[in-house]
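Opening the notebook on a new model today. I want to go through the sheet, the core and the charged pairs, in that order.

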Amino acid sequence: MRNILFCAAFGLLAMGCSDKDPRDMAAEAAKAYYDSLMAGGYGFFVDGVYRSDSIPSSYRDQLVVNAKMYVYELKEEHNGVNDIRIVRSSADSVSKVTNVFLMLCFGDSVNEEIVVPMVEKDGKWLMK
């Protein structure tokens, strides 16, 4: 009995120390970017784009305005977004991209699945 408890405790400890699946981390990052976008965090969303740190500030400002227009259009056409759900994610080992599938649940009961390609840079997941 003691051996069984020891093995079970060791197994739980090993599972607790295991690293999180990179696909899950990419999915959570993609959802966080879109949650922020819908809540008005346009700058955070734009900064979550791969290589956004190397674009001119005037172009970044245009991207922020585009993000605002996108959210405005969603509010006008679909009464906004009520929920964003992670559907699944799949990693492409050749291109080093993880495709995250999100479900946008609109205020008018329409749902739309989108694909957000994600790449990891310096331990941070960014939208491609």
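This is a predicted model: local features need pLDDT of at least 70, side-chain atom pairs count only at pLDDT 80 or more; totals for chains, interfaces and linings use all residues.

**Entry 1: the overall layout**

I listed the elements and got four helices and four strands. Going along the sequence, the pattern reads α-α-α-α-β-β-β-β. Of the 128 residues, 30% count as buried. I also looked at how far apart in sequence the contacts reach. Among contacts with a separation of 6 or more, 46% are between residues 24 or more positions apart. The exposed surface comes to about 8,400 Å², with carbon and sulfur atoms supplying 55% of it.

**Entry 2: the sheet**

In what order do the four strands sit in the sheet? I read S1-S2-S3-S4, an open sheet with antiparallel pairing. The edges are strand S1 (81-92) and strand S4 (124-127), each of which pairs on one side only. From one strand to the next the twist averages 35°.

I then asked which helix packs on this sheet. Helix H2 (residues 22-38) does, and H2 touches S1, S2, strand S3 (111-121) and S4. The direction of H2 makes about 150° with that of S1.

Next I went pair by pair. S1 and strand S2 (residues 97-106) are joined by ten bridges, and Arg85 stands opposite Met103 in S2. S3 and S4 pair over four bridges, and here Lys121 has Lys124 in S4 as its bridge partner.

The S3 and S4 hairpin has two residues between the strands, with Asp122 in the turn at a positive phi of about 55°.

The largest nonpolar core has 27 residues, and the ones that touch the most other members are Tyr34, Leu37, Met38, Leu102, Val116 and Met118. Which elements give two or more residues to this core? They are H2, H3, H4, S1, S2, S3 and S4. H2 gives the largest share, eight residues.

Setting aside neighbours within four places in sequence, Tyr34 contacts Phe45, Ile84, Leu102, Ile114, Val116 and Met127.

Is Leu37 buried or exposed? Its relative accessible area is 1%, and because the cut-off for buried is under 20%, Leu37 counts as buried. Outside its sequence neighbours, Leu37 touches Tyr42, Phe45, Ala67, Tyr70 and Val71. I looked at the Ala67 contact again: Leu37 and Ala67 are 30 residues apart along the chain, with their C-alpha atoms separated by 7.4 Å.

**Entry 3: the charged pairs**

How many salt bridges does a search of the whole structure find? Six.

Asp35 and Lys31 meet at 2.7 Å, N to O. Both lie in helix H2, four residues apart, about one turn of the helix. Asp35 is partly exposed at 31% relative accessibility, and Lys31 is partly exposed at 22%.

Lys121 and Asp53 form another, with the closest N and O atoms 3.6 Å apart. Why did I flag this pair? Lys121 lies in strand S3 and Asp53 in the loop between helix H3 (42-47) and helix H4 (57-78), so the bridge ties together parts 68 residues apart in sequence. Lys121 is partly exposed, at 28% relative accessible area, whereas Asp53 is exposed at 61%.

Arg85 and Asp83 come to 2.9 Å between the closest N and O atoms. Arg85, at 46% relative accessibility, is partly exposed, and Asp83 is partly exposed at 29%.

Technical notes
Residues are numbered from 1 along each chain as its sequence is written. Side-chain values use heavy atoms; hydrogens and water are left out. Two strands pair if DSSP finds at least two bridges between them. Axes are lines fitted to C-alpha atoms, for helices over the stretch in contact, and angles run from 0 to 180 degrees between N-to-C directions. Contact means heavy atoms within 4.5 Å. A salt bridge is a side-chain nitrogen of Lys or Arg within 4 Å of a carboxyl oxygen of Asp or Glu. Buried means under 20% relative accessible area, exposed over 50%, partly exposed in between (1.4 Å probe, protein chains only). Accessible areas come from the Shrake-Rupley method with a 1.4 Å probe; for residues, only the protein chains shown count as cover. A nonpolar core is a set of buried Ala, Val, Leu, Ile, Met, Phe, Trp, Tyr and Cys residues joined through side-chain atoms within 4.5 Å.
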